[in-house]
Amino acid sequence: MIYIDSLACSVGGDRNKSCIHVETIAAGIVIGIILHAGNHLACDFPRLINEADAIYNWLLVNDFGSNKPGYGDLIKGPEGVTGILMVILMLIAFTLATRWFRRGLIKLPKPFDRLTGFNAFWYSHHLFVIVYILLIVHGMFLYLVHKWYKKTTWMYLAVPVLLYAGERTLRFFRSGLYTIRLLKVSISYGISDNLLQAF
């Protein structure tokens, strides 16, 4: 993504448009989470819990056991735990990506002051590696799906993981082509303030 964003800026694009692009993707992820989790928590789980015993014994006993599960049992299962952990990790990453945390505009008491600034934003985005692992586990324990080729979570991960691996590989090889020598470093407050407005 970094390479794609920098390429868009170098071709004549605007850095603000790049930020809008990333914010649009984040908004799409949030909407998807709300729809997905809301469907399970508000529709699927209550429907399963309140299913008539005859239909439960006929259709669902092989997946959930002879005792009908309760709401808590469904949430404590592998799907529920991984789903909740993914939401928590993404909430942390999205919160630290907001302008106030990313630019360090919020002043927190020690030791929480380390949760603001660009480094917190950058490192929190690496939580998505854990989120992807949890998503794979989440998809392996699907209810009502028993054949491995019908568990299609890998399809949602294939393209992003390949793009990420491709960017990291490209970065690794390009890093050896250029050397940078720092001669002098100075802070120009007027220029840096204008640059930070783009973020």
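Predicted model: local features only at pLDDT ≥ 70, side-chain atom pairs only at ≥ 80, totals over all residues.
Residues are numbered from 1 along the chain as its sequence is written. Local features need pLDDT of at least 70, side-chain atom pairs count only at pLDDT 80 or more, totals use all residues, and hydrogens and water are left out of side-chain values.

Q: What makes up the chain, helices or strands?
A: The chain has ten helices and zero strands. Helices are DSSP runs of H or I with at least four residues, and strands are runs of E with at least two.

Q: Why are α8 and α9 called roughly antiparallel?
A: The axes of α8 (residues 127-140) and α9 (residues 153-175) cross at roughly 160°. Angles over 145 degrees count as roughly antiparallel. The two helices are therefore roughly antiparallel to each other. Their axes come within 9 Å.

Q: Which hand does the crossing of α8 and α9 have?
A: The crossing is left-handed. That term applies if the near helix is turned anticlockwise from the far one by less than a right angle.

Q: Which residues of α8 meet α9?
A: Tyr132, Leu135, Ile136 and Gly139 in α8 meet Thr153, Leu157, Pro160 and Val161 in α9. Contact means heavy atoms within 4.5 Å. By class, this contact has six nonpolar, two polar and no charged residues. Gly counts as polar, while Tyr, Leu, Ile, Pro and Val count as nonpolar.

Q: How many of the 199 residues are buried, as a percentage?
A: Buried residues make up 20% of the chain. Buried means under 20% relative accessible area, with a 1.4 Å probe and protein chains only.

Terms used: Axes fitted to C-alpha atoms, helices over the stretch in contact; angles between N-to-C directions. Parallel < 35°, antiparallel > 145°, perpendicular 65-115°, else oblique. Buried < 20%, exposed > 50% of the residue type's maximum accessible area, 1.4 Å probe, protein only.
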